[in-house]
Amino acid sequence: MSKSRGSKSKLSRDPWPRNRSGLAAGGRDHLRVARETLHFVSARMGTSLLVWLLVGIALALPAGLFLLQVNLGAMTDAWDGRPGLSVYFQLDASDPAIQEVVETLRGDASVHGVTFISQAQALAEFQSYASLSDALELLDENPLPASARAVLAGGSGLADLQRLADMVTSAPGVAEVSVEKTWLERVTEITRVISRLGIMLGLLFGIGAVLVTATSVRLAIEARLEELRVLKLVGATDGQIRRPFLYFGVFYGLGGGLVAAMLISLSLLVVETPLTNLLGSYSQNLELAGFDPSFLGVLFAIGGVLGVLGALLAARARLGNLEIL
Amino acid sequence: MSQIEFHQVSKRFENGHEALRDITAAFEEGSMTFLTGHSGAGKSTFLKLLLCLDRPTRGQILVNGVNVAQIPPVRLAYYRQNLGAVFQDHHLLTHRTVFENVALPLRVVGLKEKDIGKRVRAALSRVGLLSKEGLFPRYLSTGEQQRVGIARAVVTRPKILLADEPTGNLDPALSRDIMQLFEQFHQFGTTVIVASHDRELIETMDARIIELSHGAVVRDETEYASGEVLSDESHHVEV
(Lines give C-alpha, C1' and ligand atoms only; values in the text may rest on other atoms or scores of the structure.)
Protein backbone atom coordinates (compact mmCIF):
# COMPACT_ATOMS: atom_id res chain seq x y z
CA MET A 1 0.00 0.00 0.00
CA SER A 2 2.60 2.45 1.11
CA LYS A 3 4.78 1.26 -1.77
CA SER A 4 2.19 2.20 -4.38
CA ARG A 5 1.65 5.59 -2.76
CA GLY A 6 5.40 6.17 -2.82
CA SER A 7 5.69 5.35 -6.50
CA LYS A 8 2.69 7.55 -7.34
CA SER A 9 4.25 10.51 -5.58
CA LYS A 10 7.48 9.85 -7.48
CA LEU A 11 5.64 9.77 -10.79
CA SER A 12 3.79 12.97 -10.04
CA ARG A 13 7.12 14.84 -10.13
CA ASP A 14 7.10 14.52 -13.93
CA PRO A 15 4.71 16.72 -15.90
CA TRP A 16 4.15 13.94 -18.43
CA PRO A 17 4.49 10.16 -18.26
CA ARG A 18 8.03 9.18 -19.03
CA ASN A 19 8.82 7.84 -22.44
CA ARG A 20 10.05 4.31 -21.76
CA SER A 21 11.98 3.32 -24.83
CA GLY A 22 13.06 -0.07 -23.47
CA LEU A 23 16.10 -2.29 -23.77
CA ALA A 24 15.89 -2.70 -27.54
CA ALA A 25 16.04 1.06 -28.04
CA GLY A 26 18.99 1.25 -25.64
CA GLY A 27 20.76 -1.46 -27.60
CA ARG A 28 20.09 0.34 -30.89
CA ASP A 29 21.46 3.55 -29.43
CA HIS A 30 24.62 1.77 -28.20
CA LEU A 31 25.19 0.27 -31.65
CA ARG A 32 24.64 3.58 -33.40
CA VAL A 33 26.91 5.46 -31.00
CA ALA A 34 29.63 2.81 -31.27
CA ARG A 35 29.46 3.01 -35.07
CA GLU A 36 29.59 6.82 -35.07
CA THR A 37 32.47 6.88 -32.59
CA LEU A 38 34.44 4.35 -34.62
CA HIS A 39 33.88 6.53 -37.66
CA PHE A 40 35.02 9.62 -35.73
CA VAL A 41 38.14 7.80 -34.47
CA SER A 42 39.04 6.48 -37.93
CA ALA A 43 38.39 9.86 -39.55
CA ARG A 44 41.06 11.37 -37.28
CA MET A 45 43.59 8.61 -37.75
CA GLY A 46 46.63 10.78 -37.02
CA THR A 47 45.41 11.73 -33.56
CA SER A 48 44.08 8.23 -32.90
CA LEU A 49 47.42 6.61 -33.81
CA LEU A 50 49.25 8.95 -31.47
CA VAL A 51 46.88 8.10 -28.61
CA TRP A 52 47.14 4.37 -29.32
CA LEU A 53 50.92 4.59 -29.36
CA LEU A 54 51.06 6.50 -26.06
CA VAL A 55 48.60 4.19 -24.33
CA GLY A 56 50.36 1.19 -25.90
CA ILE A 57 53.78 2.21 -24.56
CA ALA A 58 52.25 2.88 -21.15
CA LEU A 59 50.78 -0.63 -21.13
CA ALA A 60 53.75 -2.41 -22.73
CA LEU A 61 56.34 -1.47 -20.09
CA PRO A 62 54.59 -2.92 -17.02
CA ALA A 63 53.22 -5.81 -19.08
CA GLY A 64 56.76 -6.58 -20.31
CA LEU A 65 58.08 -6.54 -16.75
CA PHE A 66 55.27 -8.89 -15.76
CA LEU A 67 56.32 -11.32 -18.49
CA LEU A 68 59.95 -11.07 -17.35
CA GLN A 69 58.92 -11.83 -13.80
CA VAL A 70 56.80 -14.82 -14.87
CA ASN A 71 59.66 -16.25 -16.94
CA LEU A 72 62.30 -15.75 -14.24
CA GLY A 73 59.98 -17.48 -11.79
CA ALA A 74 59.46 -20.37 -14.19
CA MET A 75 63.21 -20.60 -14.76
CA THR A 76 64.04 -20.85 -11.07
CA ASP A 77 61.30 -23.44 -10.53
CA ALA A 78 62.66 -25.57 -13.34
CA TRP A 79 66.24 -25.41 -12.10
CA ASP A 80 67.57 -28.78 -10.91
CA GLY A 81 69.84 -27.49 -8.16
CA ARG A 82 68.40 -26.69 -4.79
CA PRO A 83 69.83 -24.26 -2.24
CA GLY A 84 71.08 -25.62 1.04
CA LEU A 85 73.63 -25.26 3.80
CA SER A 86 76.78 -27.11 4.84
CA VAL A 87 77.64 -27.69 8.46
CA TYR A 88 81.35 -28.32 9.24
CA PHE A 89 82.04 -29.98 12.58
CA GLN A 90 84.97 -29.44 14.89
CA LEU A 91 87.70 -32.06 14.49
CA ASP A 92 87.16 -33.18 18.05
CA ALA A 93 83.36 -33.14 17.91
CA SER A 94 81.79 -36.17 19.55
CA ASP A 95 79.67 -38.55 17.51
CA PRO A 96 76.52 -37.95 19.62
CA ALA A 97 76.86 -34.15 19.09
CA ILE A 98 77.27 -34.66 15.34
CA GLN A 99 74.35 -37.09 15.29
CA GLU A 100 72.11 -34.64 17.12
CA VAL A 101 72.81 -31.88 14.60
CA VAL A 102 72.19 -34.22 11.67
CA GLU A 103 68.91 -35.45 13.20
CA THR A 104 67.80 -31.89 13.93
CA LEU A 105 68.28 -31.00 10.29
CA ARG A 106 66.55 -34.16 9.04
CA GLY A 107 63.58 -33.50 11.31
CA ASP A 108 62.94 -30.00 9.94
CA ALA A 109 60.00 -29.71 7.53
CA SER A 110 61.81 -27.34 5.23
CA VAL A 111 64.67 -29.78 4.66
CA HIS A 112 64.47 -32.18 1.72
CA GLY A 113 67.43 -34.33 2.73
CA VAL A 114 70.70 -34.37 4.65
CA THR A 115 73.93 -35.94 3.44
CA PHE A 116 76.47 -36.70 6.15
CA ILE A 117 80.14 -36.97 5.20
CA SER A 118 82.42 -38.33 7.90
CA GLN A 119 86.07 -37.31 8.25
CA ALA A 120 87.17 -40.57 6.59
CA GLN A 121 84.75 -40.08 3.67
CA ALA A 122 85.95 -36.52 3.23
CA LEU A 123 89.52 -37.68 3.09
CA ALA A 124 88.70 -40.44 0.63
CA GLU A 125 86.85 -37.99 -1.64
CA PHE A 126 89.69 -35.53 -1.42
CA GLN A 127 92.20 -38.14 -2.31
CA SER A 128 90.24 -39.30 -5.31
CA TYR A 129 89.97 -35.77 -6.78
CA ALA A 130 92.90 -33.70 -5.60
CA SER A 131 96.42 -33.92 -6.87
CA LEU A 132 97.65 -33.01 -3.40
CA SER A 133 96.44 -36.34 -1.99
CA ASP A 134 100.00 -37.56 -1.45
CA ALA A 135 100.72 -34.58 0.73
CA LEU A 136 97.93 -35.55 3.09
CA GLU A 137 99.65 -38.83 3.79
CA LEU A 138 102.53 -36.92 5.33
CA LEU A 139 100.23 -35.49 8.02
CA ASP A 140 99.74 -37.28 11.37
CA GLU A 141 96.01 -37.01 11.41
CA ASN A 142 93.15 -36.33 9.06
CA PRO A 143 92.76 -32.51 8.82
CA LEU A 144 89.39 -32.66 7.03
CA PRO A 145 86.29 -32.18 9.24
CA ALA A 146 83.10 -34.19 9.13
CA SER A 147 80.29 -32.27 7.44
CA ALA A 148 76.58 -32.44 6.75
CA ARG A 149 74.90 -30.90 3.72
CA ALA A 150 71.17 -30.11 4.05
CA VAL A 151 69.14 -29.46 0.90
CA LEU A 152 65.95 -27.43 1.13
CA ALA A 153 62.60 -28.88 0.17
CA GLY A 154 60.63 -27.26 -2.69
CA GLY A 155 58.66 -24.24 -1.53
CA SER A 156 61.18 -23.40 1.18
CA GLY A 157 63.01 -20.15 0.82
CA LEU A 158 65.89 -18.09 1.94
CA ALA A 159 64.26 -17.38 5.30
CA ASP A 160 64.16 -21.13 6.09
CA LEU A 161 67.79 -21.44 5.14
CA GLN A 162 68.74 -18.62 7.49
CA ARG A 163 66.63 -20.09 10.30
CA LEU A 164 68.34 -23.50 9.96
CA ALA A 165 71.76 -21.85 9.97
CA ASP A 166 70.95 -19.92 13.16
CA MET A 167 69.63 -23.10 14.74
CA VAL A 168 72.76 -25.22 14.20
CA THR A 169 75.48 -22.56 14.50
CA SER A 170 75.37 -22.60 18.31
CA ALA A 171 75.02 -26.38 18.57
CA PRO A 172 77.86 -28.23 20.34
CA GLY A 173 80.53 -29.53 17.99
CA VAL A 174 79.73 -27.21 15.10
CA ALA A 175 82.71 -25.28 13.79
CA GLU A 176 81.18 -23.43 10.85
CA VAL A 177 77.96 -23.18 8.91
CA SER A 178 78.08 -22.19 5.28
CA VAL A 179 74.85 -20.96 3.69
CA GLU A 180 74.85 -21.53 -0.06
CA LYS A 181 73.34 -18.51 -1.70
CA THR A 182 73.35 -19.70 -5.24
CA TRP A 183 72.62 -17.47 -8.19
CA LEU A 184 69.10 -18.83 -8.08
CA GLU A 185 68.48 -17.06 -4.80
CA ARG A 186 69.75 -13.92 -6.35
CA VAL A 187 67.44 -14.43 -9.31
CA THR A 188 64.58 -14.84 -6.87
CA GLU A 189 65.49 -11.54 -5.26
CA ILE A 190 65.79 -9.89 -8.66
CA THR A 191 62.37 -11.30 -9.57
CA ARG A 192 60.97 -9.74 -6.42
CA VAL A 193 62.50 -6.40 -7.33
CA ILE A 194 61.10 -6.68 -10.86
CA SER A 195 57.69 -7.56 -9.45
CA ARG A 196 57.62 -4.47 -7.25
CA LEU A 197 59.02 -2.33 -10.02
CA GLY A 198 56.30 -3.71 -12.29
CA ILE A 199 53.60 -2.77 -9.79
CA MET A 200 54.99 0.74 -9.40
CA LEU A 201 55.44 1.22 -13.14
CA GLY A 202 52.02 -0.31 -13.75
CA LEU A 203 50.44 2.23 -11.43
CA LEU A 204 52.38 5.18 -12.85
CA PHE A 205 51.92 4.22 -16.50
CA GLY A 206 48.29 3.28 -15.81
CA ILE A 207 47.71 6.79 -14.52
CA GLY A 208 49.57 8.05 -17.59
CA ALA A 209 47.30 6.02 -19.90
CA VAL A 210 44.21 7.36 -18.11
CA LEU A 211 45.46 10.94 -18.46
CA VAL A 212 46.34 10.50 -22.15
CA THR A 213 42.89 9.09 -22.84
CA ALA A 214 41.24 11.78 -20.74
CA THR A 215 43.03 14.53 -22.67
CA SER A 216 42.11 13.00 -26.02
CA VAL A 217 38.48 12.51 -25.00
CA ARG A 218 38.43 16.06 -23.68
CA LEU A 219 39.50 17.27 -27.12
CA ALA A 220 36.77 15.16 -28.71
CA ILE A 221 34.23 16.69 -26.33
CA GLU A 222 35.37 20.20 -27.22
CA ALA A 223 35.05 19.37 -30.93
CA ARG A 224 31.44 18.25 -30.41
CA LEU A 225 30.33 20.80 -27.83
CA GLU A 226 27.69 22.37 -30.06
CA GLU A 227 26.19 18.96 -30.79
CA LEU A 228 26.12 18.11 -27.09
CA ARG A 229 24.28 21.34 -26.30
CA VAL A 230 21.67 20.55 -28.94
CA LEU A 231 21.37 16.99 -27.65
CA LYS A 232 20.78 18.26 -24.13
CA LEU A 233 18.21 20.74 -25.43
CA VAL A 234 16.22 18.03 -27.21
CA GLY A 235 16.14 15.88 -24.10
CA ALA A 236 19.17 13.61 -24.20
CA THR A 237 19.92 12.11 -20.79
CA ASP A 238 23.34 12.55 -19.19
CA GLY A 239 24.04 8.90 -20.01
CA GLN A 240 23.28 9.47 -23.70
CA ILE A 241 25.52 12.53 -23.75
CA ARG A 242 28.39 10.68 -22.07
CA ARG A 243 27.97 7.50 -24.14
CA PRO A 244 30.00 8.44 -27.26
CA PHE A 245 32.94 9.46 -25.12
CA LEU A 246 32.92 6.24 -23.15
CA TYR A 247 33.17 4.46 -26.48
CA PHE A 248 36.08 6.77 -27.31
CA GLY A 249 37.75 5.54 -24.14
CA VAL A 250 37.06 1.90 -25.01
CA PHE A 251 38.45 2.28 -28.55
CA TYR A 252 41.51 4.19 -27.41
CA GLY A 253 42.14 1.63 -24.64
CA LEU A 254 41.68 -1.41 -26.90
CA GLY A 255 43.85 0.18 -29.58
CA GLY A 256 46.47 0.86 -26.90
CA GLY A 257 46.26 -2.79 -25.83
CA LEU A 258 46.82 -3.90 -29.43
CA VAL A 259 49.85 -1.61 -29.78
CA ALA A 260 51.22 -2.91 -26.45
CA ALA A 261 50.85 -6.52 -27.63
CA MET A 262 52.67 -5.65 -30.86
CA LEU A 263 55.47 -3.88 -28.99
CA ILE A 264 55.94 -6.80 -26.60
CA SER A 265 55.99 -9.37 -29.37
CA LEU A 266 58.46 -7.21 -31.31
CA SER A 267 60.68 -6.97 -28.22
CA LEU A 268 60.54 -10.75 -27.75
CA LEU A 269 61.63 -11.23 -31.34
CA VAL A 270 64.53 -8.85 -30.84
CA VAL A 271 65.82 -10.53 -27.64
CA GLU A 272 65.08 -14.12 -28.67
CA THR A 273 68.51 -14.95 -30.17
CA PRO A 274 70.75 -13.45 -27.46
CA LEU A 275 68.49 -14.89 -24.76
CA THR A 276 68.68 -18.35 -26.32
CA ASN A 277 72.47 -18.11 -26.34
CA LEU A 278 72.58 -16.89 -22.73
CA LEU A 279 70.33 -19.63 -21.43
CA GLY A 280 72.14 -22.21 -23.53
CA SER A 281 75.30 -21.47 -21.59
CA TYR A 282 73.40 -22.47 -18.40
CA SER A 283 72.03 -25.61 -20.12
CA GLN A 284 68.57 -24.07 -20.20
CA ASN A 285 66.14 -23.99 -23.11
CA LEU A 286 64.26 -20.81 -24.05
CA GLU A 287 60.60 -21.42 -23.38
CA LEU A 288 58.85 -18.10 -23.01
CA ALA A 289 55.88 -18.39 -20.71
CA GLY A 290 53.01 -15.98 -20.21
CA PHE A 291 52.60 -14.47 -23.68
CA ASP A 292 49.42 -16.37 -24.42
CA PRO A 293 45.75 -15.61 -25.26
CA SER A 294 44.82 -15.07 -21.61
CA PHE A 295 47.68 -12.58 -21.21
CA LEU A 296 46.49 -10.75 -24.34
CA GLY A 297 42.92 -10.82 -23.07
CA VAL A 298 43.96 -9.26 -19.77
CA LEU A 299 46.10 -6.69 -21.62
CA PHE A 300 43.13 -5.65 -23.80
CA ALA A 301 40.78 -5.62 -20.81
CA ILE A 302 43.15 -3.41 -18.79
CA GLY A 303 43.49 -1.12 -21.82
CA GLY A 304 39.70 -0.91 -22.15
CA VAL A 305 39.19 -0.23 -18.44
CA LEU A 306 41.90 2.48 -18.37
CA GLY A 307 40.34 4.04 -21.48
CA VAL A 308 36.90 4.12 -19.89
CA LEU A 309 38.38 5.61 -16.70
CA GLY A 310 40.05 8.36 -18.74
CA ALA A 311 36.83 9.01 -20.65
CA LEU A 312 34.82 9.18 -17.43
CA LEU A 313 37.34 11.60 -15.98
CA ALA A 314 37.09 13.88 -19.01
CA ALA A 315 33.31 13.61 -19.26
CA ARG A 316 32.88 14.38 -15.59
CA ALA A 317 35.14 17.41 -15.79
CA ARG A 318 33.69 18.85 -19.01
CA LEU A 319 30.09 17.68 -19.19
CA GLY A 320 29.19 18.06 -15.53
CA ASN A 321 28.46 21.75 -15.89
CA LEU A 322 27.62 21.89 -19.58
CA GLU A 323 25.39 24.85 -20.30
CA ILE A 324 22.89 24.33 -23.07
CA LEU A 325 22.77 27.83 -24.51
CA MET B 1 -5.69 23.82 -14.06
CA SER B 2 -3.90 25.36 -17.04
CA GLN B 3 -1.12 23.48 -18.80
CA ILE B 4 1.45 26.17 -17.93
CA GLU B 5 1.17 28.47 -14.94
CA PHE B 6 3.58 31.19 -13.85
CA HIS B 7 2.95 32.18 -10.24
CA GLN B 8 4.68 35.42 -9.18
CA VAL B 9 7.85 34.40 -10.96
CA SER B 10 10.90 36.62 -10.61
CA LYS B 11 14.39 36.12 -11.89
CA ARG B 12 17.34 38.14 -10.64
CA PHE B 13 20.80 37.41 -12.04
CA GLU B 14 23.99 37.45 -10.01
CA ASN B 15 24.90 40.87 -11.36
CA GLY B 16 21.72 42.24 -9.79
CA HIS B 17 19.78 42.61 -13.03
CA GLU B 18 16.16 41.64 -12.56
CA ALA B 19 15.06 39.99 -15.80
CA LEU B 20 11.56 39.03 -14.66
CA ARG B 21 9.43 40.64 -11.96
CA ASP B 22 6.53 38.97 -10.30
CA ILE B 23 5.11 37.39 -13.47
CA THR B 24 1.79 35.62 -13.14
CA ALA B 25 0.29 34.11 -16.26
CA ALA B 26 -1.47 30.95 -17.39
CA PHE B 27 -1.41 29.14 -20.73
CA GLU B 28 -4.08 26.66 -21.72
CA GLU B 29 -3.25 23.44 -23.54
CA GLY B 30 -3.30 24.02 -27.31
CA SER B 31 -3.17 27.81 -26.99
CA MET B 32 -0.94 30.12 -29.01
CA THR B 33 0.72 33.12 -27.40
CA PHE B 34 3.16 35.76 -28.52
CA LEU B 35 5.54 37.28 -25.99
CA THR B 36 6.64 40.69 -27.12
CA GLY B 37 8.56 43.63 -25.75
CA HIS B 38 11.75 45.56 -26.29
CA SER B 39 15.17 43.99 -26.27
CA GLY B 40 15.99 42.96 -22.68
CA ALA B 41 12.34 42.97 -21.62
CA GLY B 42 12.64 39.41 -20.32
CA LYS B 43 11.18 37.38 -23.21
CA SER B 44 14.14 35.01 -23.55
CA THR B 45 14.43 34.58 -19.79
CA PHE B 46 10.74 33.68 -19.71
CA LEU B 47 11.31 30.88 -22.24
CA LYS B 48 14.56 29.71 -20.63
CA LEU B 49 12.81 29.27 -17.30
CA LEU B 50 10.14 27.22 -19.02
CA LEU B 51 12.83 25.09 -20.69
CA CYS B 52 14.49 24.68 -17.28
CA LEU B 53 17.70 26.15 -18.63
CA ASP B 54 17.59 28.40 -15.58
CA ARG B 55 15.62 28.54 -12.34
CA PRO B 56 13.43 31.37 -11.02
CA THR B 57 14.67 33.33 -8.03
CA ARG B 58 11.13 33.51 -6.65
CA GLY B 59 7.76 32.07 -7.57
CA GLN B 60 6.70 28.84 -9.23
CA ILE B 61 6.33 27.59 -12.77
CA LEU B 62 3.87 24.73 -12.97
CA VAL B 63 3.54 22.51 -16.01
CA ASN B 64 0.61 20.12 -15.73
CA GLY B 65 0.62 20.99 -12.04
CA VAL B 66 4.28 20.06 -11.49
CA ASN B 67 6.72 22.68 -10.27
CA VAL B 68 9.40 22.39 -12.93
CA ALA B 69 12.08 23.80 -10.62
CA GLN B 70 11.65 20.69 -8.50
CA ILE B 71 12.18 18.21 -11.31
CA PRO B 72 15.42 16.40 -10.37
CA PRO B 73 18.29 17.05 -12.80
CA VAL B 74 18.34 13.40 -13.91
CA ARG B 75 14.71 13.66 -15.03
CA LEU B 76 14.92 17.03 -16.74
CA ALA B 77 15.84 15.21 -19.95
CA TYR B 78 12.44 13.47 -20.02
CA TYR B 79 10.73 16.82 -19.41
CA ARG B 80 12.58 18.40 -22.32
CA GLN B 81 11.68 15.51 -24.61
CA ASN B 82 8.13 16.89 -24.50
CA LEU B 83 9.18 20.41 -25.44
CA GLY B 84 10.20 21.78 -28.82
CA ALA B 85 12.50 24.78 -28.94
CA VAL B 86 13.38 27.10 -31.82
CA PHE B 87 15.96 29.87 -31.58
CA GLN B 88 16.96 32.82 -33.71
CA ASP B 89 20.37 31.19 -34.05
CA HIS B 90 18.93 27.84 -35.02
CA HIS B 91 21.82 25.74 -33.62
CA LEU B 92 21.95 23.34 -36.55
CA LEU B 93 24.86 20.93 -36.66
CA THR B 94 26.91 21.93 -39.66
CA HIS B 95 28.57 18.52 -40.17
CA ARG B 96 25.25 16.69 -40.31
CA THR B 97 22.73 16.73 -43.13
CA VAL B 98 19.28 18.25 -42.86
CA PHE B 99 17.86 14.75 -42.33
CA GLU B 100 20.36 13.98 -39.57
CA ASN B 101 19.69 17.30 -37.83
CA VAL B 102 15.95 16.67 -37.76
CA ALA B 103 16.40 13.01 -36.76
CA LEU B 104 18.47 13.90 -33.68
CA PRO B 105 15.58 14.23 -31.15
CA LEU B 106 14.01 11.01 -32.44
CA ARG B 107 17.25 9.10 -31.87
CA VAL B 108 17.30 10.50 -28.34
CA VAL B 109 13.85 9.04 -27.61
CA GLY B 110 14.93 5.70 -29.11
CA LEU B 111 12.73 5.34 -32.22
CA LYS B 112 13.48 2.66 -34.80
CA GLU B 113 15.28 3.80 -37.94
CA LYS B 114 12.30 3.17 -40.24
CA ASP B 115 10.02 5.23 -37.96
CA ILE B 116 12.66 7.94 -37.78
CA GLY B 117 12.72 8.11 -41.58
CA LYS B 118 8.95 8.48 -41.79
CA ARG B 119 8.72 11.10 -39.07
CA VAL B 120 11.66 13.16 -40.35
CA ARG B 121 10.27 13.23 -43.89
CA ALA B 122 6.83 14.18 -42.60
CA ALA B 123 8.32 17.08 -40.64
CA LEU B 124 10.47 18.20 -43.57
CA SER B 125 7.47 17.97 -45.84
CA ARG B 126 5.52 20.15 -43.41
CA VAL B 127 8.18 22.89 -43.59
CA GLY B 128 8.65 22.44 -47.35
CA LEU B 129 12.19 21.07 -47.31
CA LEU B 130 11.70 17.41 -48.21
CA SER B 131 13.81 17.80 -51.35
CA LYS B 132 16.74 19.10 -49.33
CA GLU B 133 17.05 16.33 -46.74
CA GLY B 134 20.48 15.26 -47.99
CA LEU B 135 22.04 18.72 -47.96
CA PHE B 136 24.26 20.18 -45.28
CA PRO B 137 22.86 23.30 -43.57
CA ARG B 138 25.50 25.59 -45.11
CA TYR B 139 23.91 25.05 -48.51
CA LEU B 140 20.56 26.40 -47.29
CA SER B 141 19.33 29.98 -47.04
CA THR B 142 18.77 31.52 -43.60
CA GLY B 143 15.02 31.03 -43.94
CA GLU B 144 15.48 27.38 -44.89
CA GLN B 145 17.85 26.83 -41.99
CA GLN B 146 15.24 28.28 -39.67
CA ARG B 147 12.65 25.91 -41.11
CA VAL B 148 14.99 22.97 -40.48
CA GLY B 149 15.24 24.19 -36.88
CA ILE B 150 11.45 24.22 -36.68
CA ALA B 151 11.22 20.73 -38.21
CA ARG B 152 13.68 19.50 -35.57
CA ALA B 153 11.58 21.12 -32.83
CA VAL B 154 8.29 19.57 -33.95
CA VAL B 155 9.45 16.17 -35.18
CA THR B 156 8.86 14.57 -31.76
CA ARG B 157 5.32 16.04 -31.68
CA PRO B 158 6.05 18.05 -28.54
CA LYS B 159 3.35 19.07 -26.10
CA ILE B 160 4.73 22.61 -25.98
CA LEU B 161 6.56 24.50 -28.72
CA LEU B 162 8.71 27.45 -27.66
CA ALA B 163 10.36 29.85 -30.09
CA ASP B 164 12.72 32.68 -29.24
CA GLU B 165 12.86 35.34 -31.98
CA PRO B 166 12.46 32.75 -34.75
CA THR B 167 12.14 35.44 -37.43
CA GLY B 168 14.94 37.67 -36.15
CA ASN B 169 17.12 37.31 -39.25
CA LEU B 170 14.39 36.99 -41.85
CA ASP B 171 12.73 39.38 -44.24
CA PRO B 172 9.01 40.17 -43.72
CA ALA B 173 7.71 37.64 -46.26
CA LEU B 174 9.78 34.81 -44.84
CA SER B 175 8.87 35.87 -41.31
CA ARG B 176 5.21 35.57 -42.16
CA ASP B 177 5.78 32.08 -43.61
CA ILE B 178 7.53 31.00 -40.41
CA MET B 179 4.78 32.41 -38.21
CA GLN B 180 2.19 30.58 -40.30
CA LEU B 181 4.08 27.37 -39.64
CA PHE B 182 3.74 27.98 -35.91
CA GLU B 183 0.04 28.70 -36.48
CA GLN B 184 -0.27 25.30 -38.22
CA PHE B 185 1.31 23.46 -35.32
CA HIS B 186 -1.00 25.30 -32.97
CA GLN B 187 -3.94 24.05 -35.08
CA PHE B 188 -2.74 20.49 -34.43
CA GLY B 189 -3.16 21.08 -30.69
CA THR B 190 0.37 21.99 -29.66
CA THR B 191 0.74 24.77 -27.12
CA VAL B 192 2.84 27.43 -28.85
CA ILE B 193 4.66 30.34 -27.19
CA VAL B 194 6.65 32.59 -29.51
CA ALA B 195 8.86 35.43 -28.28
CA SER B 196 9.19 38.15 -30.91
CA HIS B 197 9.90 41.86 -30.91
CA ASP B 198 8.24 42.20 -34.34
CA ARG B 199 4.99 43.75 -33.11
CA GLU B 200 3.82 44.63 -36.58
CA LEU B 201 3.92 40.97 -37.58
CA ILE B 202 2.37 39.47 -34.48
CA GLU B 203 -0.47 41.99 -34.41
CA THR B 204 -1.63 40.39 -37.66
CA MET B 205 -1.75 36.91 -36.11
CA ASP B 206 -4.79 35.51 -34.43
CA ALA B 207 -3.23 34.78 -31.06
CA ARG B 208 -2.87 36.03 -27.54
CA ILE B 209 -0.18 38.67 -27.03
CA ILE B 210 1.67 39.26 -23.77
CA GLU B 211 3.92 42.29 -23.67
CA LEU B 212 6.81 42.50 -21.28
CA SER B 213 8.69 45.59 -20.26
CA HIS B 214 11.64 45.59 -17.85
CA GLY B 215 10.69 42.07 -16.76
CA ALA B 216 7.04 42.79 -15.97
CA VAL B 217 3.85 42.08 -17.90
CA VAL B 218 2.44 45.37 -19.15
CA ARG B 219 -0.12 44.03 -21.55
CA ASP B 220 -2.01 40.78 -21.85
CA GLU B 221 -4.28 40.93 -24.83
CA THR B 222 -6.71 38.35 -23.54
CA GLU B 223 -7.26 40.24 -20.37
CA TYR B 224 -7.20 43.52 -22.25
CA ALA B 225 -9.89 42.30 -24.64
CA SER B 226 -12.11 41.28 -21.77
CA GLY B 227 -11.67 44.74 -20.31
CA GLU B 228 -10.47 43.47 -16.96
CA VAL B 229 -7.07 45.00 -16.75
CA LEU B 230 -4.58 47.43 -18.08
CA SER B 231 -4.19 50.56 -20.01
CA ASP B 232 -2.68 49.25 -23.19
CA GLU B 233 0.53 51.15 -23.85
CA SER B 234 1.24 52.47 -20.38
CA HIS B 235 4.25 50.13 -19.89
CA HIS B 236 4.10 50.90 -16.18
CA VAL B 237 1.20 48.88 -14.92
CA GLU B 238 1.87 45.39 -13.67
CA VAL B 239 -0.65 42.62 -13.67
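Let me begin with chain B of this predicted model, where domain 1 and domain 2 bury about 1900 Å² between them, 67% of it on carbon and sulfur atoms; buried area here is the accessible area, taken with a 1.4 Å probe, that two parts lose on being put together, summed over both. On the domain 1 side of chain B, the residues that lose the most area to domain 2 are B:Gln81, B:Leu181 and B:Phe185, together 25% of what that side buries. The size of an interface is often given in this way, as the accessible area lost when the parts come together.

A word on conventions before I go on. Because the model is predicted, local features need pLDDT of at least 70 and side-chain atom pairs count only at pLDDT 80 or more, while totals for chains, interfaces and linings use all residues. Residues are numbered from 1 along each chain as its sequence is written, chains are lettered from A and ligands numbered from 1 in the order in which they are written, and side-chain values use heavy atoms, with hydrogens and water left out.

The two domains of chain B are 1-81 + 160-234 for domain 1 and 83-157 for domain 2, with bounds that come from an automatic or database domain assignment. Their C-alpha centres lie 24 Å apart, and 22 residues of domain 1 are in contact with 18 residues of domain 2, contact meaning heavy atoms within 4.5 Å.

Staying with chain B, there is an open sheet of four strands in the order β2-β1-β4-β5, with antiparallel pairing. The edges are taken by β2 (18-27) and β5 (66-67), each with a single partner strand, so one side of each has no neighbour in the sheet. Strands here are DSSP runs of E with at least two residues, helices are runs of H or I with at least four, and both are numbered from the N terminus; two strands pair if DSSP finds at least two bridges between them. Strand β1 (residues 4-12) of chain B pairs with β4 (residues 58-63) over five bridges, B:Glu5 having B:Leu62 as its bridge partner, and β1(B) pairs with β2(B) over six bridges, where B:Arg12 is partnered by B:Glu18. In the hairpin of β1(B) and β2(B), with five residues between the strands, B:Gly16 takes a positive phi near 95 degrees.

Now to chain A, which is divided into domain 1 (30-77 + 187-319) and domain 2 (84-179), with 54 Å between their C-alpha centres. Chain A also has an open sheet of four strands, in the order β2-β3-β1-β4 and with antiparallel pairing. Within it, β1 (residues 84-89) and β3 (residues 147-152) of chain A pair over five bridges, and A:Tyr88 stands opposite A:Ser147. Helix α7 (residues 158-169) of chain A packs on this sheet, touching β1, β2, β3 and β4, and its direction makes about 175 degrees with that of β4(A); axes are lines fitted to C-alpha atoms, for helices over the stretch in contact, and angles run from 0 to 180 degrees between N-to-C directions.

Finally, the axes of helices α10 (residues 238-280) and α11 (residues 293-319) of chain A come within 7 Å and cross at roughly 145 degrees. The residues of this contact between α10(A) and α11(A) divide into 18 nonpolar, six polar and one charged, where Ala, Val, Leu, Ile, Met, Phe, Trp, Tyr, Cys and Pro count as nonpolar, Asp, Glu, Lys and Arg as charged, and the others, Gly among them, as polar.
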